[in-house]
Amino acid sequence: MRFHRLVLCCAACLALCSLAARAQLTVEITGAGANRLPVAIADFTGERIISQALTSVVRADLERSGLFRLVDAGAPLADSATPVFEDLRTRGADAVAGGSVAMFADGRYETRVRLSDVPKQAVLGNPAYLHTGAQLRATAHRIADFIYEKLTGEPGVFSTRIAYVVKSTGRYELKIADADGSNDQAALASREPIISPAWSPDGSKLAYVSFEAKKPVVYVHDLASGRRHVAANFKGSNSAPAWSPDGKQLAVVLTKDGSSQLYIVNADGSGVTRMATSSGIDTEPRWSPDRQFIYFTSDRGGSPQIYRIATGGGASGNTAERVTFEGSYNVTPRPSPDGKSLAFIARDGGRFQLALMDLATRQTQILTDSAKDESPSFAPNGRMILYATEINGRGVLAAVSSDGRVKQKLSVQAADVREPAWGPLVR
Amino acid sequence: MRTRHISLPALAALTLLLAACGSQPPAPEQNPAGVESRSPGAIKVDSNPVARVQPDAFDPASIAALKDPRSPLSKRSIYFDYDSYVVKDEFQALLTAHGKFLSANPKIRMLIQGNADERGSREYNLALGQKRADAVRKALILLGARDDQLEAVSLGEEKPVCTEASEECWGKNRRGDMLYSGEF
């Protein structure tokens, strides 16, 4: 009966989604890197409308990253043409991209791009993309990823997706959008809260906590089919899902044996085993990328602090090592994709701020000047950290680069946005 | 939001209203019956009182006592201090009444929902709410309830009854709510 009611409710909510489509995330750049690379993205030649749409998204992507300064390229530039390097040099461009869009008889397009180093007058790459008109944005993000990777040496994350929860009056939506906030879709709509979304390593599923059963239950939701299953629904509360790096298991927090403790379950919900034991609260588990440790929050020492426990060996024999020592409240550990640093939330006075620790030196830097930061999530290249915060009493998402310089704000009109999770690189 | 002292007829009306809501989608906000409403405008109980006060005395072990405003059983919330999950002495009498009721009605089940104020991590607050729910559960067992009658869960900071950023408001959100069979 309850399930039936939920289905009806979800169906009604989904019907409304088409109306709410313009409530998408808008990204505002509030800070940029100190040494931005000057780059010219020329207008592409060929199919005019397609070219314009492509180049405007590519430019917006590069600009938003905070690592590039866009330079006017002057005239359109085909991928086959040699750029006028002298002119570009006087315009101050270090790199230039040109391209051409051709339409095939079947209605598909081929976009060819050439990226060149201006001072060296050398070609850096010449990729081609076959795409439909509906894949315009996706193609533009791939072109931006190519340019980003060639110029910075790191993979770009413009083609990735983000998940977040939008709360409007009496309604919660788990949304998936492109990393630039466009193309948002609701994976789940509910009258009860949804928290802690976590992407599977292959980007095909989300684990999350939903309160639709009047208590927290962990679900695994397949994004392509829209089907989901219960991954943990034991007596008491079930929460804080985290995927193992191979995507086969989830670390979860269960209270079936007392207070909140760490367990491992298979992603299908089978085979629950206890991971650690304490007399207090253990929660917010996260695997290190190399699978060696699970970082988590615990109040075993009297105040909430971050600990880590080795995953190898027996479930009982391992002892937890304390990681944070400054202050009386350090929570929500998130290891960086390279495993070298740890993002977390630190309380200083009454302020909750995003902090980043170098795990080798154990030095910590506060990255924000806000007061209600929550739920940090690394971009898969480790360059940016997406997090939830509050501006004028409203929940917004913000992103900051791991050096603290580049800052973005992502907000939705007239709604609270929270619980961001940056999806993986999917090649 | 201010604390509102709800009159007896109003409470009866609210109880009826919540009971009526229970049979149709969408599900009502899961406040314990008639303690507080999150949306004061939505339920106008004071303006149109529906008198349903029963004149005869109530049996403290009967189901009817759960919703009788004269019974301590109609009170369902326990409040906690900041970062604490210790049940304060002032709530012992209330828990004793519920413990006795559960003992006298072994087929009735109770869902205990722990809550936290909004400050800090959602998941840590979920764990704090669980500690609060568990403290209520343990107290009720000492007072005669059986473990299989009880489930302690947490709603963390997700279901505030008060949404202002003030200590008065946060105090109302650091709460354990007791819901009986049919109420959840």
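The model is predicted.

Chain A contains four helices and 32 strands. Its radius of gyration is 23 Å, close to the 22 Å that the globule rule gives for 427 residues, so chain A is as compact as a globular protein of that length. The C-alpha trace of chain A spans about 70 × 55 × 45 Å along its principal axes. Of the 427 residues in chain A, 47% are buried. Contacts in chain A between residues at least 6 apart in sequence were also examined. Among these, 45% join residues at least 24 apart.

Strands of a sheet pair through backbone hydrogen bonds, either parallel or antiparallel. One sheet has four strands in the order β16-β17-β18-β19 (chain A). Its pairing is antiparallel. Strands β16 (238-243) and β19 (273-274) of chain A stand at the edges. Each has a single partner strand, so one side of each is left without a neighbour in the sheet. Within this sheet, β17 (residues 249-254) and β18 (residues 261-266) of chain A run antiparallel and are joined by six bridges. One residue pair can be named: L254(A) has Q261(A) in β18(A) as its bridge partner.

The other sheet is also open, with four strands in the order β20-β21-β22-β23 (chain A). Here too the pairing is antiparallel. Strands β20 and β23 (321-322) of chain A are the edge strands, and each pairs on one side only. Strand β22 (residues 305-310) of chain A is joined to β23(A) by two bridges, and the two run antiparallel. R308(A) has E321(A) in β23(A) as its bridge partner.

The interface between the chains brings 31 residues of chain A into contact with 22 residues of chain B. On the chain A side, two or more residues come from each of α1 (2-17), β12 (194-199), β16, β20 (282-287), β24 (330-335) and β25 (341-348) of chain A. Helix α1(A) gives the most, with three residues. By class, this side of chain A has 13 nonpolar, ten polar and eight charged residues.

In chain B, helix α2 (residues 92-104) has 13 residues. It reaches 18 Å from its first C-alpha to its last, close to the 18 Å expected at 1.5 Å a residue. L95(B), H98(B), F101(B) and L102(B) are buried in α2(B). They cover an arc of only 125° around the axis, which puts them on the same side of α2(B). The buried residues of α2(B) pack against β2 (110-115), α3 (122-142) and β4 (175-180) of chain B.

Most residues other than glycine have a negative phi. S196(A) is not a glycine, yet has a positive phi of about 55°. S196(A) lies in strand β12 of chain A. It is buried, with 25 other C-beta atoms within 10 Å. D83(B) likewise has a positive phi, near 55°, in a residue other than glycine. D83(B) is found in the loop between β1 (77-79) and α2 of chain B. It is partly exposed, with 16 other C-beta atoms within 10 Å.

Key. Residues are numbered from 1 along each chain as its sequence is written. Chains are lettered from A and ligands numbered from 1 in the order in which they are written. This is a predicted model: local features need pLDDT of at least 70, side-chain atom pairs count only at pLDDT 80 or more; totals for chains, interfaces and linings use all residues. Two strands pair if DSSP finds at least two bridges between them. Two residues are in contact if their C-beta atoms, placed from the backbone, lie within 7 Å. Ala, Val, Leu, Ile, Met, Phe, Trp, Tyr, Cys and Pro count as nonpolar, Asp, Glu, Lys and Arg as charged, and the others, Gly among them, as polar. The expected span of a helix is 1.5 Å times one less than its number of residues. A residue is buried if 20 or more other C-beta atoms lie within 10 Å of its own, exposed if 12 or fewer, and partly exposed in between; C-beta atoms are placed from the backbone. The arc is that of the directions from the helix axis to the C-beta atoms. The radius of gyration is taken over C-alpha atoms; the globule rule is 2.2 Å times the number of residues to the power 0.38.
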